[in-house]
Structure formats: structure tokens, C-alpha cells
Amino acid sequence: MIVWIVGIAGIILQILCATASGTGLVVGFIFFLIGFGGMKRENQTLIKLWLSKDTMMIMGTMLVVLIFFLIAYWNVRLMGDTMFPGLLGSAVRDISGKQMLIAGIASACWTLLMLYWLLPTVFDFKGLGLKPQLIALSASAFSILFAALHMD
């Protein structure tokens, strides 16, 4: 019973992470395209605009968020496969449990790296509040906990 509660909580938190990061990517890309038209100067070529510091910072931030989105999606898919294996039964459950542990550890490592080094230090992004940080870290923790409980 506890495995189901941890699994459902982990799926909900990972879905929140995937939804928020996916929405951020779409909105960020739209605003980038809007701002990119205003950045164009007559004396700058398109290559210089793409290689400018501002464009590289925006693309770097979006790449970090894209990787976070893909890891969150991977966790949701694996947790769903582990909890609801379908017709294949325990073989899928065993394989998914081992992959879930790897995905949870990858999620935790990337989340810590992203929140506390890449975004604030490298890309100078300090706008993320405490609640999103706690949700992202809790999602990783629930993924690892679910995998550990499931593999017993």
C-alpha cells in the first residue's frame, strides 16, 4: 500500500515538473522569437545575432529546461510502467524498477545541478521560488524512494 502512495505522489510531482518545464519552454521560445525580431540591426548578420551573448544565454537556459523536461517525462513513463505493467507482468516490473532507480538518481543529480549551479551561476537566472524548487526536489526523492521500495 505504501508503494502505491509513494508511486502516485511521485507521478503527480513528476507530471507537475514536466508540465511546468514544458510550458516554460513553449512560452520562452515564443518570447524569444518575439524579442529576436527586435534584436535585428541593419549592420548585424543573422549569424552574429545567433551567436550573440543574449541568444546563447537564452538557448542555454532552454536547453537546461529541455533536459529537465525529458528526465521528468522519463520518470513518469517508467513509474507508470512499473505501477501498471499491463499484459507483460512481472518481467516489465523488474526491468522498470531498475531503470526507475537510474532515472530517479539522474533526476536528482540534474535537478540539483540545474537549480543550484547552472541556472543561478552560469545563466544568471535567480527567479525560481522556493515552492518550485521543493516540488522538483521532492519529485526526484519520490522517484528514488519508489524505486527502492519497489525493488525489495
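Analyst: Along the sequence, the chain shows the pattern α-α-α-α-α. This is a predicted model, in which local features need pLDDT of at least 70 and side-chain atom pairs count only at pLDDT 80 or more, while totals for chains, interfaces and linings use all residues. Residues are numbered from 1 along each chain as its sequence is written, and side-chain values use heavy atoms, with hydrogens and water left out.

User: What makes a stretch of the chain a helix, and how many helices and strands are there?

Analyst: Helices (H or I, at least four residues) and strands (E, at least two) are DSSP runs, numbered from the N terminus. By that rule the chain has five helices and zero strands.

User: How do you know what span is expected of H5?

Analyst: The expected span of a helix is 1.5 Å times one less than its number of residues. H5 has 22 residues, for which 32 Å is expected, and its first and last C-alpha atoms are 32 Å apart.

User: Why is Asn 75 called buried?

Analyst: A residue is buried under 20% relative accessible area, exposed over 50% and partly exposed in between (1.4 Å probe, protein chains only). Asn 75, which lies in helix H3, has a relative accessible area of 0%, and is therefore buried. Leu 78, also found in helix H3, is buried because its value is 1%. Of the 152 residues of the chain, 35% count as buried; in H5, these include Gln 133, Ser 143 and Phe 146.

User: What makes a residue a contact of Asn 75?

Analyst: Contact means heavy atoms within 4.5 Å. Leaving aside neighbours within four places in sequence, Asn 75 is in contact with residues including Gln 14, Met 100 and Ser 143.

User: Where is Gly 10 found, and is it buried or exposed?

Analyst: Gly 10 is found in helix H1 and counts as buried because its relative accessibility is 0%. Gly 10 and Ser 143 are 133 residues apart along the chain, yet their C-alpha atoms are separated by 5.8 Å.

User: Why is the pairing of Arg 77 and Asp 81 called a salt bridge?

Analyst: A salt bridge is a side-chain nitrogen of Lys or Arg within 4 Å of a carboxyl oxygen of Asp or Glu. The N to O value for Arg 77 and Asp 81 is 3.9 Å, so the pair meets the definition. The structure holds one salt bridge. The two residues are about one helical turn from each other because they are four residues apart in helix H3. Arg 77 counts as partly exposed at 38% relative accessibility, and Asp 81 likewise at 29%.

User: What makes a space a pocket, and how much space lies in the largest pocket?

Analyst: On a 1 Å grid over the protein atoms alone, a pocket is an open set of points where a 1.4 Å probe fits, with protein on both sides within 12 Å along at least five of seven lines; lining residues have an atom within 4 Å of a point. The largest pocket holds about 620 Å³ of space, and of its 25 lining residues the closest to its centre are Gly 24, Val 65, Leu 119, Phe 125 and Leu 128. H1 gives the largest share of the lining, eight residues.

Methods: Points joined across faces, edges and corners; volume = space filled by probe spheres on them.
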